Amino acid sequence: MAAAANSSASAAGAGGGSAAAAGLKTYFKTPEGRYKLQYEKTHSAAVLHYNHGGKTVSQLTVAYLKEKPAGQGSTPSTPSSSSGMRSAAARLLGSGNGNRTLSFVGGNGVSRAVSGSSRIGGGLGTSGGIGSSQAVANYDGKGTYIIFNTADTLFISDLNSQDKDPIKSIHFSNSNPLCHAFDPEAKEGHDLIIGMGLFNVTEATIARFWKEACCGPTLQQGRCTSVAWVPEREGIFVVSHSDGNLYVYDKCKDGNTECTFPAIKDPAQLMISHAKSSKSNPIARWHVCQGSINAISFSPDGAYLATVGRDGYLRVFDFSKEQLIFGGKSYYGALLCCTWSSDGKYLLTGGEDDLVWSMDDRKIVAWGEGHNSWVSGVSFDSYWSPPNSDGTGENTVYRFGSVGQDTQLLLWDLALDEIAVPLRHPSSGSPTFSSGSPSAHWDNACLPTGVLQPSPRMRDVPKLSPLVAHRVHVDPLSGLVFTNESILTICREGLIKIWVRPDQNENNHQSNSSELVLGNPVSKDRVITTSNKATGSSFKQSSAVVFT
Amino acid sequence: MGAASSRLEKALGEQFPEGERYFGLENFGNTCYCNSVLQALYFCVPFREQLLEYYANNKSTGDVEDNMLTCLADLFSQISNQKKKTGVIAPKRFIQRLKKQNEIFRSYMHQDAHEFLNFLLNELVDILEKESKVVAEPCENSSLKKNSNGPINVQLNGTKKEPVPTLVHKCFQGILTNETRCLRCETVTDRDETFFDLSLDIEQNSSITSCLKNFSSTETLNAEDKFFCDKCCSLQEAQKRMKIKKPPNILVIHLKRFKYIEQLGRYKKLSYRVVFPLELKLINTVDNSDLEYSLFAVLVHVGSGPNHGHYISLVKSHNHWLFFDDENVEMTDESMVQTFFGSAQEFSGNTDNGYILFYESLAEKS
């Protein structure tokens with residue numbers, strides 16, 4: 001904690017005030033320079049008036065909106081706005097600037113209301129009455145927006161404005177939005193799906209909610225844990241639930257047809273069933289595991305789907321073949337999050353303590369040790385490039401970040417050819433990384449397809465130490481996102497901080513961030529900052545990852 | 001009450017575990033510390049089974065004077081032999097005995113559940129050891145002076161020569177080893193200590209695994225606090241660390257939420273958010289074996305201070321989670337556990353915090 005407790009905050013960043021008050025630094029150092037707190041985004045505190053008992057889930061995504069060609073949106077009644085965002089917002093929010101107001105039925109969240117433009121909303125999200133939709137006139141379509149859900153509200157904020165408050169909010173009165181996914185590639189405007197859950201209700205109520213808001217009576221109880229669009233597959237999305245089920249939906253289909261899936265005989269076994277009727281939506285149910293699926297993630301090409309869950313297993317499926325490719329158990333308990341590298345070669349998982357870094361050869365590659373509590377979000381920094389890289393050659397250093405319930409953001413570098421292989425280990429079957437070409441080994445893998453591996457033994461896995469550990473919020477964190485200009489972190493309570501990347505000419509960081517040459521760190525400034533935390537002995541003081 | 005218990009039966013329906021009883025315990029005025037511990041111990045199945053076995057074997061003697069052991073065994077047997085599946089029981093005899101035995105628990109004041117657990121387990125050990133001694137050497141005078149009645153710290157009793165392990169030992173006892181390495185001569189001195197629970201210092205927004213790491217982290221003894229090295233025959237700087245030599249079957253973890261604050265001159269409750277997993281890997285063992293434990297009970301302290309408040313327990317029985325609050329027993333969900341992690345900020349109001357965690361070894365089961 002020593003690294004964090006410093007009340008002398010510098011004046012960097014517009015949002016430094018409240019951070020300083022909480023004893024948080026407004027910058028952190030990396031080998032390539034300082035990341036500075038640029039500004040914060042939040043929402044009216046009223047949202048958090050209730051005691052959520054630690055259950056609040058906040059999720060953050062960044063939406064890049066391009067100017068959409070005219071005529072987007074198949075529904076004639078969609079406001080003829082040139083702005084995709086406005087359109088999306090109009091669809092979603094029913095804001096007053098169009099003639100389409102989403103009609104909501106109160107009471108039990110019956111949301112058969114929105115046909116046409118919001119079919120998905122009809123299926124999943126827009127149940128419940130819109131309580132407040134703070135319309136702000138001043139936003140135009142093109143640009144980068146932050147979408148985040150926290151407590152019972154979904155917010156949209158302009159990433160590049162210094163305005164702290166969101167420009168839009170959708171309040172859900174019956175249930176809480178728990179997760180969402182945005183599809184920038186959708187041909188018809190910008191589709192957003194929102195996964196819902198209910199707090200403090202009996203299972204029966206959840207079931208009823210699902211019955212009415214979703215589709216047939218067969219949907220199992222269990223709140224929604226994660227939603228994702230399938231890349232490269234227009235209109236197909238996947239929703240995971242806390243009962244171990246995963247449903248595949250087609251947004252083009254009506255969400256209200258009767259559909260039945262066979263009963264699950266053995267909850268511990270994988271079972272994939274398709275809807276009998278071609279009309280029904282969801283079109284398929286995958287029963288993946290016993291207990292909750294905590295997160296899902298598609299490989300960038302949409303070919304593979306990774307799931308992590310309460311049972312501690314990472315599973316990777318060939319999505320179109322509906323086949324388990326491989327999987328493995330965490331060392332500690334449940335896994336909470338997972339993500340792919342942008343080249344689809346590696347997977348990160350995080351969970352109940354520490355961070356396991358796995359993939360490629362269908363095995364664990366490294367183990368990131370550095371968090372003091374559970375890891376709640378992981379992400380690769382695909383905008384970062386190693387120093388002195390000329391853009392050719394293979395990228396053998398990966399940068400990734402993780403955030404945890406210890407309120408810290410950690411950054412890591414994984415140098416594939418320099419990964420420390422533990423000593424005293426018999427050479428056979430050791431999970432050493434095969435250096436050289438880190439090309440995918442899907443086809444000549446050392447393990448047969450579909451095999452789940454047991455927990456690794458700690459001494460068998462190469463350890464990785466973080467480059468930087470920085471306490472970024474006062475509350476446990478729930479996610480992070482890398483953008484070209486910055487790192488975004490969000491805490492459980494829905495406060496977002498934007499950490500602008502190091503600038504080559506230090507003093508220019510606020511005025512014109514878009515002009516920065518990014519991912520080109522100052523190579524002289526090579527401070528390998530290891531955090532001096534109380535976990536002393538187990539924490540390697542010398543970083544295992546060194547730049548070449 | 002009746003309505004509540006029938007609701008529980010209804011909620012479980014056909015899934016009501018065969019032969020299992022879910023009974024609330026009456027509160028005799030601030031005895032929730034006792035009730036919550038008793039429930040956790042009752043649902044510690046190996047402990048319950050051995051105690052009931054003991055009760056069955058010793059019932060015949062009949063005329064033995066009541067003690068904590070017989071009272072506890074009697075209570076457990078009473079619960080397990082109820083005709084009804086749910087209801088409320090008054091642990092009257094047990095409480096009376098406890099108050100007679102130990103003046104600390106005599107008052108109607110709020111008591112510390114950990115202190116009580118400690119007292120109870122040590123008391124049981126004393127009685128059992130005495131009994132086995134009486135059996136082994138019947139001529140020996142059995143009027144041995146009792147150990148101090150106060151809450152004794154078992155961890156210091158390690159050097160005592162051990163007789164046959166009692167049922168308490170079999171369930172709860174583990175061995176810690178204290179490795180001290182003299183920085184001058186490099187000699188490593190091992191000293192073993194037994195324990196019934198691990199008391200962990202806690203930090204804000206941390207996890208149990210992180211607290212366990214801290215517990216086993218290397219500490220340097222220097223300056224005022226040097227180590228007397230037998231080989232060097234003098235005080236030397238040394239490095240010390242604690243590791244688990246023999247992990248217990250039932251791992252009881254006590255979070256040190258009550259901390260003495262010198263400036264205030266009193267104890268203060270730390271509501272820190274400390275996350276604990278349903279499945280725990282015990283990492284700080286001597287032989288680096290990866291031992292897995294599963295959470296089966298959580299004692300929760302409700303309230304903002306050490307001198308008042310309430311205790312409740314969450315218990316896992318036959319894969320269902322149950323919520324015990326004195327007389328009340330309710331079905332709950334696994335996800336309920338995470339509402340007792342604590343609060344991420346000091347004044348954010350959540351004062352229902354996990355205080356004592358009971359984990360059972362998964363190795364034992366297979």
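This is a predicted model: local features need pLDDT of at least 70, side-chain atom pairs count only at pLDDT 80 or more; totals for chains, interfaces and linings use all residues.

Student: How are α3(B) and α4(B) oriented to each other?
Tutor: Helix α3 (residues 45-58) of chain B packs against helix α4 (residues 68-80) of chain B at an angle of about 105°, and the two axes are 9 Å apart. Since angles from 65 to 115 degrees count as such, α3(B) and α4(B) are therefore roughly perpendicular to each other.

Student: How do the residues of the contact of α3(B) with α4(B) divide into nonpolar, polar and charged?
Tutor: On the side of α3(B), the contact is made by B:Arg48, B:Leu51, B:Leu52, B:Tyr54 and B:Tyr55, which meet residues of α4(B) including B:Leu72, B:Asp74, B:Phe76 and B:Ser80. Tyr counts as nonpolar in this division, whereas Asp and Arg count as charged. The residues of this contact divide into 7 nonpolar, 2 polar and 2 charged.

Student: Is B:Cys44 buried or exposed?
Tutor: B:Cys44 is found in the loop between α2 (32-42) and α3 of chain B, and, leaving aside residues up to four places away in sequence, B:Cys44 touches B:Cys171, B:Ile250, B:Ala297 and B:Phe358. Because 22 other C-beta atoms lie within 10 Å, B:Cys44 is buried.

Student: Which strands of chain B do the buried residues of α8(B) pack against?
Tutor: In helix α8 (residues 208-215) of chain B, 7 of the 8 residues are buried, so the helix is largely enclosed by the rest of the structure. Among them are B:Ile208, B:Cys211, B:Leu212 and B:Lys213. The strands that these buried residues pack against are β5 (198-200), β6 (206-207), β11 (250-255), β14 (274-275) and β15 (279-282) of chain B.

Student: Which residue in the turn of the hairpin of β18(B) and β19(B) has a positive phi?
Tutor: β18(B) and β19(B) run antiparallel and are joined by 5 bridges, with B:Asp325 having B:Asn328 as its bridge partner in β19(B). The hairpin leaves 2 residues between the strands. Most residues other than glycine have a negative phi. The turn residue with a positive phi, of about 50°, is B:Asp326.

Student: Is A:Thr407 buried or exposed?
Tutor: A:Thr407 lies in the loop between β23 (397-404) and β24 (408-415) of chain A, and has a positive phi of about 70° although it is not a glycine. A residue needs 20 or more other C-beta atoms within 10 Å to be counted as enclosed in this sense. With 29 C-beta neighbours inside 10 Å, A:Thr407 counts as buried.

Student: Which strands stand at the edges of the open sheet of 5 strands in chain A?
Tutor: The sheet has the order β1-β2-β30-β29-β28 (chain A), with antiparallel pairing. Each edge strand has a single partner strand, so one side of each is left without a neighbour in the sheet, and these strands are β1 (27-30) and β28 (477-482) of chain A.

Student: Which residue in β29(A) stands opposite A:Val481?
Tutor: β28(A) and strand β29 (residues 486-491) of chain A pair in the antiparallel sense, and their pairing extends over 5 bridges. Within β29(A), the residue opposite A:Val481 is A:Leu488.

Notes
Residues are numbered from 1 along each chain as its sequence is written. Chains are lettered from A and ligands numbered from 1 in the order in which they are written. Axes are lines fitted to C-alpha atoms, for helices over the stretch in contact, and angles run from 0 to 180 degrees between N-to-C directions. Helices (H or I, at least four residues) and strands (E, at least two) are DSSP runs, numbered from the N terminus. Angles under 35 degrees count as roughly parallel, over 145 as roughly antiparallel, 65 to 115 as roughly perpendicular and the rest as oblique. Two residues are in contact if their C-beta atoms, placed from the backbone, lie within 7 Å. A residue is buried if 20 or more other C-beta atoms lie within 10 Å of its own, exposed if 12 or fewer, and partly exposed in between; C-beta atoms are placed from the backbone. Two strands pair if DSSP finds at least two bridges between them.
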